[in-house]
Every structure is written in C-alpha cells, then in structure tokens.
Amino acid sequence: MKENQKKAWLFLAPSLVLITLFSIWPIIRAFLMSFQGGPLIDMHFNGLQNYKYIFVDPEFWRALKNTAIYAFVAVPVALVISIALAWFIFSKIKHTAFFETMFFMPYVTSTIAIGIVFRYIFNGEYGLLNFLLKAVHLPQPDWLDNPSLSLVSLIIFGIWSSLAFNIVILMGALRNIDPNYYVLANMYGASDKEKFWRITLPQLVPTIAFLLTVNIIGAFKIYTQVYALFNGQAGIGNSAMTAVFYIYNKFQIVGTPGVAMAATVVLFLFILFVTYLQRKLMKKVNS
Amino acid sequence: MKQKSKFRWGMIFVYLFIAIFAIVTVFPFIYMILGGLMSYQETTTIPPTIIPKNWNWSNYQKVFQQAPFARYFLNTFITASVTTVVTLFTSVLGAFAMTSLKFKGKGFVQLVFLSLLMVPGEAIIFTNYNTIAQLGLLNTYLGLVLPFLTSIFYMYYLQSYFTAISPTIYKASKIDGASDWEYVWKILVPMSKGGLVTVALLSFISGWNSFLWPLLVTNEDSMRLLNNGLSSFANDAGAQTQLQLAAATLTVLPVLIIYFIFRKQIINGVVRNDLKA
Amino acid sequence: MSNDNFIEVKQLEKTYENGYQAIKSVSFSVKKGDLVCLLGPSGCGKTTTLNMIAGLLNPTGGDIIVNGKSMLDVEPKDRNIGYVFQNYALYPHMTVLQNVMFPMTVGKNKKSKAEAQKIAEHFMELTHIEDLADQKPGKLSGGQQQRVAIARALVQEPQILLMDEPLSNLDARLRLKIREEIRSLVKEVGITTLFVTHDQEEALSIGDKIILFHEGVIQQDDSGQELYLNPNNQFVANFIGNPVIDNFKVRVEDNNIIGAGFSFSVSELTPSRLPESLEDGEYTLAIRPENLSLDEDGLLNCVVDDVELIGRERVVKFTHDNLQERALIDLEQDVNSGDKISLNMNLNRAFLFKDNGERVY
C-alpha cells in the first residue's frame, strides 16, 4: 500500500470543502471585517476604529461584565451541585439509570420551550415560584421585570440547564473509577466523607477540568437562554445583555457588522485566554 | 449509638437532596404539559393551578390556527434529517481517511481540525450568514443546512471509534481485494453501528433544537424552524400563557419521545465523548 | 518446473523515515509448493519482510519477484496472495460463511453469490469448519477462528499463502495439533507458503526450509537439520535447539584449546572440519547438551546445581566458569543435585566461534 495516498484527499474532500467555506473562511472574514466599517453591502477599511468604539462603549462593557458574572457564578455552582448529585446517585441509589434519564432531560430539549415554562414559573404576579415563596414567608421579588434581578434569574436558569450534561459526564467518570479502591477503603473503615474526598474527588479531577472548560466556554457564548428567558430581549433595559447578544445587536439590528466582528474577535480571544488559564490551573492542581 | 443517628441524618439529607433536584428538573416539563391544557383563567389565578379542571385540547387547535406549526414541524424535520444524514456521510468518509489512510499532510490537517474545534460557533455564525446571504440562499432549505453538512466534532468522535478497530481488519480487506469504498460501507460502517447511531441521534436532536442560525437566516414565517416559530409565537401570543405552553409542549414532545426510546444510546454517546477528551 | 524459484527476494531493504533500518539487505528464494519458515526473535525483520511480500509495506530498496514478475508496483489486492494475520482479523459482524465468501464479493473478480458460496463451502470443508457456517467469529475458539482465517485466505486460490505467527495466540497443545494440520493442508492444496514464527521448534517441525533472521539480516537459509547441525554462526547455534547450546569461553594457544578447568589439544578436533589455520586468541566453544556424556575421567568436572526430569531424559544443570550449562543424560543414570560429576564432550559435534560470532569449526 502506498504510503502517500492521494485518494485520502478524495475521502476528505466533501468535509474539507465545507469546513473551508464555513469554518475557516468565516474566521478570516470575521477578523478582516473587524477592521472594516459601514453597512454589510458596502464595507471599507477603517483600521482600529471598531475596536476603539467597543472599548469606550458602556454597553459593551456591561455585556462583558454580565457575561463574566454569569460564567463565573453559574458554572462553578452548577458544577458543585452536579458533583454532589452524581456522587449521591452513584453511591447511594440502586436504580441509577432511572435518575440519569431524568436528569438528562433538559439537555435534549429546546431552550426556547423551557424558557417559556420558566417565564411562567418566574412570573412576578402569578408565577408558581413567588407563590411558594409567599407560602414560606420569604420575599417574592419580580424575577423577570426587575433589572437588578435579571442576571440572578438568568443564572438560576443557566444552572438548571447545565446540570444535565455535567451529571451524565460525571456519572460516566465515576463508573470508570476502579471499584477496588472502595473495597480497600471499606476494609480500612473509611467513612463516606473520607471516601469521597480522598478517593473519588482526586480521580475526578481530569473530568472536572474538562467540564469546567466546556462549561465556561459555553457560558461565554450564552445567547439562546437569554432570548428564551426574556422573550427576545436581553432582559428589561438590557440588564441581561451578554456578549453574543451585543454582537447580534450590532450585526443585525444596528447594522454595524464591523463593530460586531470586533466584539467577536475580542470575545474569542477572551475565551482562548480563559481556557489557557484554566488549563494551567488544572495542571497545577493535578501535580 | 451516636454513629447510627448521624448515619440516618446523612442518608436523609442525601435522599432529600436528590429528590429536590429531581423534582426541580422534571417539574418544568410536567408543568409545561399540564399548563398547555389549562384555560387562560387557570394560568393567571393565584394560587396557581397545577392540574387543570378540564383538559382543553382546543388549545392545540388554536396554536395550529394562529401559527403554521405544522409547517414549522416539517421544516425542522427536513433540515434536521438532511444535516444528520449528510453529516454522517461526510464525517464517516473523513474519519476513515484520517484513521486508515496514510498521506502527506495528515498531521497538518489533524492540527487544523483540532484548532477549529476550539472556535465557538457563535464567532463564525455571523460571517456564515453573510456568505449565505451573498449566495442568495436566505429563506431556503439549502441555506439552512449548508454550513452544517459536516462536523469536525463528529469526525473526531468517529475517529475514536474507528481507531478502536484493529488495523489488521483494514489490511485484511485490502488483501481480500476490497477497494477503500467497499471497505468503508461493507466493513467499517457495520462494525461501527453504535457510534454512528449515537452521532445520528445527537446530530438530529441538536438540529431539531437549533435557534440562532435559523433566526439569522430565515424571516419568512413559512421557512421558520420550530424553535424560532415558537419564540415568535410566544411573542405574539402575549399573555396567552396556556397557548404558549401548548406550543412549547408540541416542540418538546417529539424529542422527548425519541429520547426516552434511545436514552441509553444517547447518554452513552455523550459520555464516550468525554472519555476521549 | 518444480525446481524453479517461485518467489525471489533480491537485496530487499526497508529503512523508515526516522532512519531505523528494519531490513538491511535480504535475499532468498522459495521453490514452488514449499512451506518456508521465516524465523527469528522479535524485531528481527521477519514480519516486515512478510508484509513487503504482501504489499502492505513498501521496500526502500531491492525487488520482490513472484512467478517471474516484479511485485514492486503491485497493490496487495492484485498480488493474488492470501494472508493469515496473527489476530486472524475476521470481520466480527459477519458469519463464518460470509467471512470466507467476502473476498469473492468485492473487488474486480466478483463472483455470483451462489458460486461464491460453493467455493467457500469447499474450503470450509478442507479446514473442517463447515459446521460453523452461521456462527459469528466472537463465538468461536482461537483454533476455530484460525481455521476460518485460513479458509478465507485460500478462497481465491492465491499463488502464495502468507502467515504471520498464526499459532502464537493458541495454547501449547492446540499449537502442536494445528501446525500439523496447516502443513498437511498447504501440501494438499499445493500452495507456496511463507510462515513467520519466533518459535524455533515450530519452524524445525513444519518448514521445508528455514530462513533465520536477526537484526534485519538473514543469518542462515537452510533446512532445519542443517541449521541444527551446521549453524553458520553463533547466533544460529544459540537460537536453534532446545535446551539452548552450551557455551564455554576458551583460549587457543599453541595448538591447545584452554578453557576454565580443562584443556585439550587441537588435534582432538575432527580434522576435516578444521579451518586451514586456527589463530591464537579468544573463542567460544559451543556444544549441545546431548553431546555431553558422563565419564569418570571427563574434561569437565563440576557440581550439579539442579536436575530436571523431563519425561524421557534428565537435564543436569551445572555452573561452569560462572555460566549455567546443561547436559542431557539418560534417565537411568542416577545423578542428583549436589553430586560431583565429570563430563566428556563429543568434540566432533562441537563448534568453535570467534568473538564476532563467526564459526571457524
């Protein structure tokens, strides 16, 4: 068999063509566009103007800030809850498949549809949540229409949505831990707590690292959840404006695609940077 | 004695914790289904209704009347199916080449793919929209599916499946006289059924649930996909929460049915991803 | 016709891109209908050679000629060969019958399903697997899988059969049984066969001749008996034979051969086997355990470390000059651990090797 088979390119051709057109070219184009101004049909080079624009745009910073808050709150909280749930189900429940199936439901269902239910539950006047809160004499805030609460509602929604993927991945990882570790631990009389912190958690570190990366990247790209929860807007008075929302706005609605692309580039670099930092952190934790 | 009661409290906490979150997870779906059968009054009364007095199937009738949900269904089914089938085809061929064939530049291609995996879809979705617009493919099925006819992610996933097969199988087929094309369709694909089914399921579900891309690329009601149709309907329906919930149920039910039938495949497929990552 | 060389390998070379020379320069020929064993330790290049003959690897130098035609630019599927892999490489999703039929359902010479099935069943009878037709490979034992692999390899009536360590995954008893079956099968079908193995006993048992490889070079190309009785060099002498040959460090000085604790004159060696001149220097005297015998006044005096009773004879282990040596003696001779014994050497069967492994006697 030849060691340089040109026919390999034939097999790769359909994918390569599509990838070049719809994965590689758009990146280049986005990058180029970030240095251009004007409407989509008539763009001209304008240097760093777009970047200058977004750096002094309070809306951009708000979007970035909101996105960061969301990412750095929702992701760790969701992860901790997921680890707890996965561990409890794995170690204490007999019919794990049943629970796994239930907890994974949010992953396969449409965010918009779920957003509709959440909007209903979170409704300030007649939503179920406030009714329950009233019943236990807790304050009943206006979840969706109070600008200072928009992010909170979004975070709650985000956490709810992300448990599914985390739990399933963690359960897979838990199953991969050599059961003999636990057999030995039992012989030494280790408590449940000790088993979790000394055996389980260290073995889960690579999985947790993976989930952190995937979730944070996903959190930075958040769009559909916002749209779903606030019925198309970025929260009342743009209080839940996120990075992609900002980009979408600048691209489709305001009609300054160059600005949108500049923001895209910044977002992308930010994601790369966070991923890099987090990888480094994990390497340190691992050693 | 102290140990024993501590134990019991601990277990109670665990069961409670799981139960609460299980309810929190599943309740929205049940509420969605039930709410879709309520009357308008029931949805706005306090205390909130959980189980409607009468099952207002007429809500669904109204939903279909007010918006072309049948059309949305059709559009979504077509686009999800097409992207799934074609993606499977291109990804299988690509993954085969990367797994079994030797060629100059393979390392380079692998590197490019790996880097592209890190690029978030949202970074390129706008420029892709531009490309599709320039090709005059807005509001067409082709425009909806074109960027999604291959997937580096699934190619990677299939590669991990394909490399698990002993390379001697490929060599044996060559000596038996099979061409590469025959090997792929007569040996590789039948041997990888598990992975392919998982890719098909995950791809179909994500195609069914897609939102941002069709939002950009379609504005004609007749070409909308289910998710977009749903969101614009929710907007139009205003305070008619019960209709919104009925429409939401419509959107979610087919996927849930597929999910419950294939849940093992789907969950196993998602987990396998992680192991290779 | 039957003396013509059916396969000719000429100065074959394989150097990988990282500079590793798997095959340095290999030449040999195989007569039509012969069963030839490619033998050697791991990494010696035997499988590499086999794969180049199959076309699975491309040589970086030399030529491979089969039935008069060079195979260098011919794809594996066009070389008309059958190949049995070490792990059998059966298609797990197909039944045994489908596996055996497969070569006839793909490629250029597709046959009709009926015809293919008939031919497949014929070869399945030859390999005694007709009853397994509807089973999937996963349910078969190692020996059964192997027979399927052989049937599949023969089904297109190839001109050569290549086998890569086909028996190494089987247990010892099965190995003995199946290697005889393989030999009688390929002789019945009359197909030229190349058989790669690392097991010297296996090669000695079934090969018409053996090509012994080491570090990418052929050490000896001869019948099993010749390798045993007439090794080309020290490597061959040590590789062939079980138990391994005994080695003694000796010095040649003034026509005497001097070892640790023994010496004898060069005139005691068989004159017809001696070289023109034997230079003074360091050598290795090698002799097979069965050529040592108990003698009241023998050359070697030693203390017995251990005695193994292996059914038909006694293996006496002793240490001489810090090397462990063995002698094979009759069961009746009562020798036990700790005994002081004296052994004599049948010098007619001994070999003398220079430091570089070259054989001078």
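Residues are numbered from 1 along each chain as its sequence is written, and chains are lettered from A, with ligands numbered from 1, in the order in which they are written. Because the model is predicted, local features need pLDDT of at least 70 and side-chain atom pairs count only at pLDDT 80 or more, while totals for chains, interfaces and linings use all residues; side-chain values use heavy atoms, with hydrogens and water left out.

**Interface of chains B and A**

Contact (heavy atoms within 4.5 Å) links 97 residues of chain B with 82 residues of chain A. The size of an interface is often given as the accessible area lost when the parts come together. Here the buried area (the accessible area, with a 1.4 Å probe, that two parts lose on being put together, summed over both) is about 8100 Å², and carbon and sulfur atoms give 78% of that area.

Two salt bridges are counted between chain B and chain A, a salt bridge being a side-chain nitrogen of Lys or Arg within 4 Å of a carboxyl oxygen of Asp or Glu. The side of chain B that touches chain A has 67 nonpolar, 21 polar and nine charged residues. In this classification Ala, Val, Leu, Ile, Met, Phe, Trp, Tyr, Cys and Pro count as nonpolar, Asp, Glu, Lys and Arg as charged, and the others, Gly among them, as polar. There are also 11 residue pairs in polar contact across this interface, both residues at pLDDT 80 or more. A polar contact is a pair of N or O atoms within 3.5 Å; within protein, one must be able to donate a hydrogen and the other to accept it, and residues adjacent in sequence count only if both atoms are side-chain atoms.

**Interface of chains B and C**

B:Ile175, B:Asp176 and B:Lys186 supply 37% of the area that chain B buries against chain C, more than any other three residues.

The interface of chain B and chain C holds two salt bridges and eight residue pairs in polar contact, both at pLDDT 80 or more. Helices (H or I, at least four residues) and strands (E, at least two) are DSSP runs, numbered from the N terminus.

**Salt bridges**

Over all chains the structure holds 22 salt bridges. A:Lys221 lies in the loop between α9 (192-220) and α10 (224-229) of chain A and B:Glu122 in helix α6 (residues 121-134) of chain B, so this pair joins two chains.

| Residue pair | N to O distance |
|---|---|
| A:Lys221 and B:Glu122 | 3.7 Å |
| C:Lys110 and B:Glu182 | 3.2 Å |
| C:Lys10 and C:Glu8 | 3.9 Å |
| C:Glu181 and C:Lys177 | 3.8 Å |

C:Glu181 and C:Lys177 are four residues apart in helix α5 (residues 172-189) of chain C, and are therefore separated by about one helical turn. By relative accessible area (1.4 Å probe, protein chains only), buried means under 20%, exposed over 50% and partly exposed in between. C:Glu181 is partly exposed at 25%, as is C:Lys177 at 45%. C:Lys10 is partly exposed at 37%, and C:Glu8 is partly exposed at 27%.

**Annotated segments and C:Val66**

UniProt positions are given in the numbering used here, with feature names shortened, and annotations may be inferred rather than shown by experiment. An unreviewed UniProt entry places "domain: ABC transporter" at residues 7-240 of chain C. Over residues 7-240, chain C is 34% helix and 26% strand, and the end C-alpha atoms are 25 Å apart.

C:Val66 is found in strand β4 (residues 61-66) of chain C and is buried, with a relative accessible area of 3%. Leaving aside neighbours within four places in sequence, C:Val66 is in contact with C:Phe6, C:Ile7, C:Met71, C:Gln159 and C:Ile160.

For chain B, UniProt (unreviewed entry) lists "transmembrane region" at residues including 72-96 and 108-126. Residues 72-96 of chain B are 100% helix, with end C-alpha atoms 35 Å apart. Residues 108-126 of chain B are 84% helix and 0% strand, with end C-alpha atoms 27 Å apart.
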